[in-house]
Amino acid sequence: MKAHRLEEMFAAKQARRKRLANLSIGRKVDLIEQLHQLGRTMIGARESLPKPAGRRESH
Amino acid sequence: MAIEATLKVLNDMEAAGVLGEHAIGGAVAAFLYIEPGATFDLDVFTAWKPAHGSLLTPQPLYEYLMNRGYGDYEMEAIIIEGWAVQFLPLGTPLLEEALIQAVDIQIKGVPTRVFTREHLMAISLQTGRPKDMARLLQFIEEGSADMEQFAEILQRHMLLRAWNAFKARYLPPL
């Protein structure tokens, strides 16, 4: 990937971080609650994944 | 899952005398300062209240919650209004200082206290797990911390060597 493209991506990431960091406490708490809910949903989904098969014995 | 309901229970516990002065630390506190990410627990730092004598124990706290229907646990956390709350003791002088200097804020109308960003940074450094290092890096990249105050905390709590190692590993000179 070209260097200027990486720089653009980094700048966009920094801008997003800054925007999120500067939200009001109320908006941040809303976001934290949504992420908390999302995390719990993903844990539930993870538990429904098939369990990895046991390692085969080598002889 | 409205966090204000959980915070209100904590304030009720303090008013009832089963929870001492407390403040929010961990990821939820960090996400009030930096870009939020996923979290499962609400970390509540507090000094346990003495129960029936001189021993410090969290038992009255858990009994109080049990009597109000909060009896579900996830690992070491107790579920209060949909949030897994971990009550954590002040195990180090740094945590004791963080509680004393915690700032008062309102979260959706509920008064609470959170650690300062500089204390959260120092605690991340002291705790030292990969996720703590990542969080500390995020605080630094966002550039809004008072680095002078942070340096004073590091000095007071003998964390300068850990800070230098962190800088050498994660913040190479430009």
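Q: How many salt bridges does a search of the whole structure find over all chains?
A: Start with the general idea. Side chains of opposite charge can pair when their charged atoms come close. This is a predicted model. Over all its chains, the search finds 10 salt bridges.

Q: Which residue forms a salt bridge with B:Glu35?
A: The partner is A:Arg16. Their closest N and O atoms are 2.8 Å apart. B:Glu35 sits in the loop between H2 and strand S2 (41-46) of chain B, and A:Arg16 sits in helix H1 (residues 3-21) of chain A, so this pair joins two chains.

Q: Is B:Glu35 buried or exposed?
A: Residues under 20% relative accessible area count as buried. B:Glu35 has 12% relative accessibility, so B:Glu35 counts as buried. A:Arg16 has 34%, and counts as partly exposed.

Q: How do I read the contact between chain B and chain A as a whole?
A: The size of an interface is often given as the accessible area lost when the parts come together. Here about 2000 Å² is buried between chain B and chain A. Carbon and sulfur atoms give 62% of that area.

Q: How many residues of each chain are in contact?
A: Chain B brings 27 residues and chain A brings 19. The rule finds three salt bridges across this interface. There are also six residue pairs in polar contact, with both residues at pLDDT 80 or more.

Q: Which elements of chain B give two or more residues to the side that touches chain A?
A: They are helix H1 (3-16), helix H2 (26-31), strand S5 (83-89), strand S6 (103-107) and helix H6 (130-142) of chain B. Sort the residues on that side of chain B by class. You get 16 nonpolar, five polar and six charged residues.

Q: How do I read a salt bridge inside a helix?
A: Count along the helix. An α-helix has 3.6 residues a turn, so residues three or four places apart point the same way. Now take A:Asp30 and A:Arg27, whose side chains meet in a salt bridge at 4.0 Å, N to O. Both belong to helix H2 (residues 25-47) of chain A. They are three residues apart, so about one helical turn separates them.

Q: What is the relative accessibility of A:Asp30 and of A:Arg27?
A: A:Asp30 has 25% and counts as partly exposed. A:Arg27 has 42% and also counts as partly exposed.

Q: Where in the chain do B:Glu21 and B:Arg113 lie?
A: Their side chains meet in a salt bridge, 2.7 Å from N to O. The pair links distant parts of the chain, 92 residues apart. B:Glu21 lies in the loop between H1 and strand S1 (22-25) of chain B, while B:Arg113 lies in strand S7 (residues 110-114) of chain B. B:Glu21 is partly exposed at 45% relative accessibility. B:Arg113 is buried, with a relative accessible area of 16%.

Q: Which residues are joined into one network by salt bridges that share partners?
A: The network holds A:Arg27, A:Asp30, A:Glu33 and B:Lys108.

Q: How do I read a helix that is mostly covered?
A: In H5(B), nine of the 11 residues are buried. They include B:His119, B:Leu120 and B:Ile123. The buried residues of H5(B) pack against S1, H2, helix H4 (93-100), H6, helix H7 (147-156) and helix H8 (160-170) of chain B. After H5(B) comes B:Gly128, whose phi is positive, near 75°.

Q: What is B:Ser124 in contact with, leaving aside its neighbours within four places in sequence?
A: B:Ser124 belongs to helix H5 (residues 117-127) of chain B. B:Ser124 is buried, with a relative accessible area of 4%. Beyond those neighbours, B:Ser124 is in contact with B:Asp132, B:Met133, B:Arg135 and B:Leu136.

Q: How far apart are B:Val9 and B:Arg68 in sequence and in space?
A: Read both distances. In sequence they are 59 residues apart. In space they are 10.0 Å apart, C-alpha to C-alpha. B:Val9 is in helix H1 of chain B and is buried, at 11% relative accessible area. Leaving aside neighbours within four places in sequence, B:Val9 is in contact with B:Leu65, B:Tyr70, B:Ile80 and B:Glu81.

Methods. Residues numbered from 1 in each chain as written. Chains lettered and ligands numbered in written order. Predicted model: local features only at pLDDT ≥ 70, side-chain atom pairs only at ≥ 80, totals over all residues. Heavy atoms only, no water. Contact = heavy atoms within 4.5 Å. Buried area = accessible area lost by both parts, 1.4 Å probe. Polar contact = N/O pair within 3.5 Å; in protein donor to acceptor, adjacent residues only side chain to side chain. Helix = DSSP H or I, 4+ residues; strand = E, 2+ residues; numbered from the N terminus. Nonpolar A, V, L, I, M, F, W, Y, C, P; charged D, E, K, R; others polar. Buried < 20%, exposed > 50% of the residue type's maximum accessible area, 1.4 Å probe, protein only.
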